[in-house]
Amino acid sequence: MNLPNKLTVIRVIAVPFFVAAYMLGALEAWWFFVALGLFIAASFTDMLDGQIARKHNLVTNFGKIMDPLADKILVYSAFCLMVTDGTVPGWMFIVILAREFAVSGMRTVAASEGIVVAAGNSGKLKTVLQMIAVPILILAHGLPAYSIIMTVGQAVLWASLIMTVISGIEYIMRNRQVFSQ
């Protein structure tokens with residue numbers, strides 16, 4: 001297994017530790033900082049594995065599948081936790097998941113027809129915004145006077161939701177031929 005794929009696996013393995021730290025934050029606020037560190041470290045592996053894979057021509061089928069899946073596992077675990085504590089509205093998480101299921105379903109159908117569907121820039125921006133919103137929202141939980149930070153986190157979360165919808169519509173429109181086959 002090459003280094004980029006190992007980094008992807010590490011990101012997936014980090015998720016239960018992140019979840020545990022976040023949940024312990026409800027008991028002792030300093031655990032939110034542990035969760036924050038784990039999330040940031042895992043997010044950093046996402047950036048790093050892609051750069052290494054492209055630079056050293058280490059792109060693999062495993063990486064093509066697992067890298068975006070690892071991102072989703074990390075970010076959506078955080079959103080799920082944040083739904084339980086009221087930070088993220090449940091309906092917002094459902095919209096985000098619905099887009100992901102629709103896009104994943106289309107990719108599966110396209111792959112069965114031999115069509116490769118690349119991620120668009122709006123989808124990448126959506127992921128970046130989500131990976132920015134989560135640590136800001138976690139930080140807000142760890143600080144005693146968190147209202148301004150929470151407001152900033154919520155604004156980035158809303159921006160990520162808007163990009164989620166835009167990228168989903170763009171993705172469907174750009175690949176509508178998948179439905180006609």
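This is a predicted model, and the mean pLDDT of its chain is 90. A pLDDT of 70 or more is reached by 97% of the residues. The chain holds 7 helices and 0 strands.

**Confidence**
- Confidence is highest in helix α1 (residues 3-24), with a mean of 95.
- Confidence is lowest in helix α7 (residues 177-180), where the mean is 72.
- Where pLDDT is low, the predicted coordinates should not be read in detail.

**Overall form**
- Along the sequence the pattern is α-α-α-α-α-α-α.
- Taken along the principal axes, the C-alpha atoms fill a box of roughly 55 × 35 × 20 Å.
- Of the 181 residues, 43% are buried.
- Among contacts between residues at least 6 apart in sequence, 73% join residues at least 24 apart.
- The chain exposes about 9600 Å², and 73% of this is supplied by carbon and sulfur atoms.

**Helix α2**
- Helix α2 covers residues 30-55, which is 26 residues.
- From its first C-alpha to its last, α2 reaches 38 Å, close to the 38 Å expected at 1.5 Å a residue.
- The buried residues of α2 include F32, L36, F39, D46, D49 and I52.
- The cover over the buried residues of α2 includes α1, α3 and α5 (121-142).
- N57 follows α2 and has a positive phi, near 55°.

**Aromatic contacts**
- The structure has 8 aromatic pairs.
- Y76 and F79 are a stacked pair, because their ring centres are 6.1 Å apart and their planes stand at 25°, under the 30 degrees that counts as stacked.
- Y76 and F79 are 3 residues apart in helix α3 (residues 61-84), so about one helical turn separates them.
- Both Y76 and F79 are buried, and the relative accessible area of F79 is 0%.
- F79 also pairs with F93: the ring centres are 6.4 Å apart and the planes are at 75°, so this pair is edge-to-face.
- F79 lies in helix α3 and F93 in helix α4 (residues 90-112), so their pair ties together parts that are 14 residues apart in sequence.
- F93 counts as buried, at 12% relative accessibility.
- One aromatic cluster is formed by F18, Y22, F32 and F39; F32 and F39 are among the buried residues of α2.

Note on methods
Residues are numbered from 1 along each chain as its sequence is written. This is a predicted model: local features need pLDDT of at least 70, side-chain atom pairs count only at pLDDT 80 or more; totals for chains, interfaces and linings use all residues. Side-chain values use heavy atoms; hydrogens and water are left out. pLDDT is the predictor's confidence in each residue, from 0 to 100. Helices (H or I, at least four residues) and strands (E, at least two) are DSSP runs, numbered from the N terminus. Rings of Phe, Tyr and Trp (its six-membered ring) pair if their centres lie within 6.5 Å; planes under 30 degrees apart count as stacked, over 60 as edge-to-face and the rest as tilted. Buried means under 20% relative accessible area, exposed over 50%, partly exposed in between (1.4 Å probe, protein chains only). The expected span of a helix is 1.5 Å times one less than its number of residues. Contact means heavy atoms within 4.5 Å. Accessible areas come from the Shrake-Rupley method with a 1.4 Å probe; for residues, only the protein chains shown count as cover.
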